[in-house]
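My notes follow the order in which I looked.

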Amino acid sequence: MEINELLKTRVSVAPMAGITDYVLREIIRKYSKDCLLTTEMISTEFLAQTLRGRSGREILKRNNNHSPIAYQISGHKPKLMRLAAETLTDIADMIDINMGCPVKKVIAGQDGCYLMQTPELAADLVKAVKDGTDKPVSVKFRLGYSNNDINYVEFGEKMQKAGAGFITIHGRTRTQMYSGKANWRVIKRLKENVDIPVYVNGDIISVETAIEALEQSGADGVAIGRGMLGNPILIPQIEQYLSNRTMPEPLTINERIKILKYHLDEEIKLRGEITGIKFMRKFYPYYLSGFEHAKQIRTRLVTEENYEKIITILNNIS
């Protein structure tokens, strides 16, 4: 497929490590059949080890209904990046390269946003991935590594020249991490200097912020991250508003609890009961946001390890 065939709507799912797993992608697809899904970041070092027989292939799992889907990889070794692209080319609709992750562990490995300091190497990685797949290649990055090293325009131009067909850009630098407010306005400079689609990311938590981000940045679309957690209907709300200026009704409390129960059950099927229950703890604050006595309910849920008791707690909410 060509890039424009994959970008069926103006909304994509931003990759989030430990978040956008197989189950969450299944949930999102129930509400939006056309948004571009993205996997969790997959380390090319990890992928190479997995191919040699280690466990962990669940991170690659997908269903046919997940299309369009981008598999995101990270790394700084061209040979491993090409190998990863070759490995994923049969299951991915697009290969996305992470050059924006600000996490210390990733930076220490010279991956993620570290690559914004080495644009020539970053370009070589794009070329290596292009050599390993016939699928479109995209890149996700930030405004720069630090506030004193803002190079997103030149960086984006170089990625396009190397063969990237799509850009997602987060409106902060690496040193900002997730503090302050994403600067959508400056992204317009990037859009004016590249000829490929650009999606804006960062602090998009509602239809209103999506519209504001698009207006300020001039971007072609939005990449939604934590704003849709616990509220997967946010994606079709944005899609529908951009299409015809109407929106689906928000989820009721009972509907959100129903989705939460489904999420819990599916994670248990994927990971086993104990691991699935513990994995779900990070999602409770999002599903329960705005609920009366949410803090007390969360405290009970994150300390409970018995499935039946968790379901009882949730039933008593709805």
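**Entry 1: strand pairing.** I began with Asn201, which stands opposite Ala223 in strand 11. The model is predicted, so I kept its limits in mind: local features need pLDDT of at least 70, side-chain atom pairs count only at pLDDT 80 or more, and totals for chains, interfaces and linings use all residues. Residues are numbered from 1 along each chain as its sequence is written, and side-chain values use heavy atoms, with hydrogens and water left out.

I noted that strands (E, at least two residues) and helices (H or I, at least four) are DSSP runs numbered from the N terminus. Two strands pair if DSSP finds at least two bridges between them. Strand 10 and strand 11 (residues 221-224) run parallel and are joined by three bridges. Between them the chain passes through helix 9 (residues 207-217), and this β-α-β crossover is right-handed. Right-handed here means that, with the strands pointing away from the viewer, the path from the first strand over the helix to the second runs clockwise.

**Entry 2: the other neighbour.** I then checked strand 9 (residues 166-170), which pairs with strand 10 in the parallel sense over four bridges. Thr168 is the residue opposite Tyr199 in strand 10. From strand 9 the chain reaches strand 10 through helix 8 (residues 187-193), in a right-handed β-α-β crossover.

Entry 3: The cut-offs are under 20% relative accessible area for buried, over 50% for exposed, and partly exposed in between (1.4 Å probe, protein chains only).

**Entry 4: backbone.** Most residues other than glycine have a negative phi, and most peptide bonds are trans. I looked up the exceptions. Met177, in the loop between strand 9 and helix 8, has a positive phi of about 55°. Met177 is partly exposed, at 30% relative accessible area. His293 has a positive phi near 60° and is found in the loop between helix 13 (284-287) and helix 14 (294-303). At 48% relative accessibility, His293 is partly exposed.

A cis peptide bond, with omega about 0°, joins Ser67 and Pro68. Pro68 sits in the loop between helix 3 (44-51) and strand 4 (69-74).

**Entry 5: Thr44.** I finished in helix 3, with Thr44. Thr44 is buried, at 3% relative accessibility. Which residues is Thr44 in contact with, leaving aside neighbours within four places in sequence? They are Ile73, Ser74, Gly75, Leu80, Met81 and Ala84, where contact means heavy atoms within 4.5 Å.
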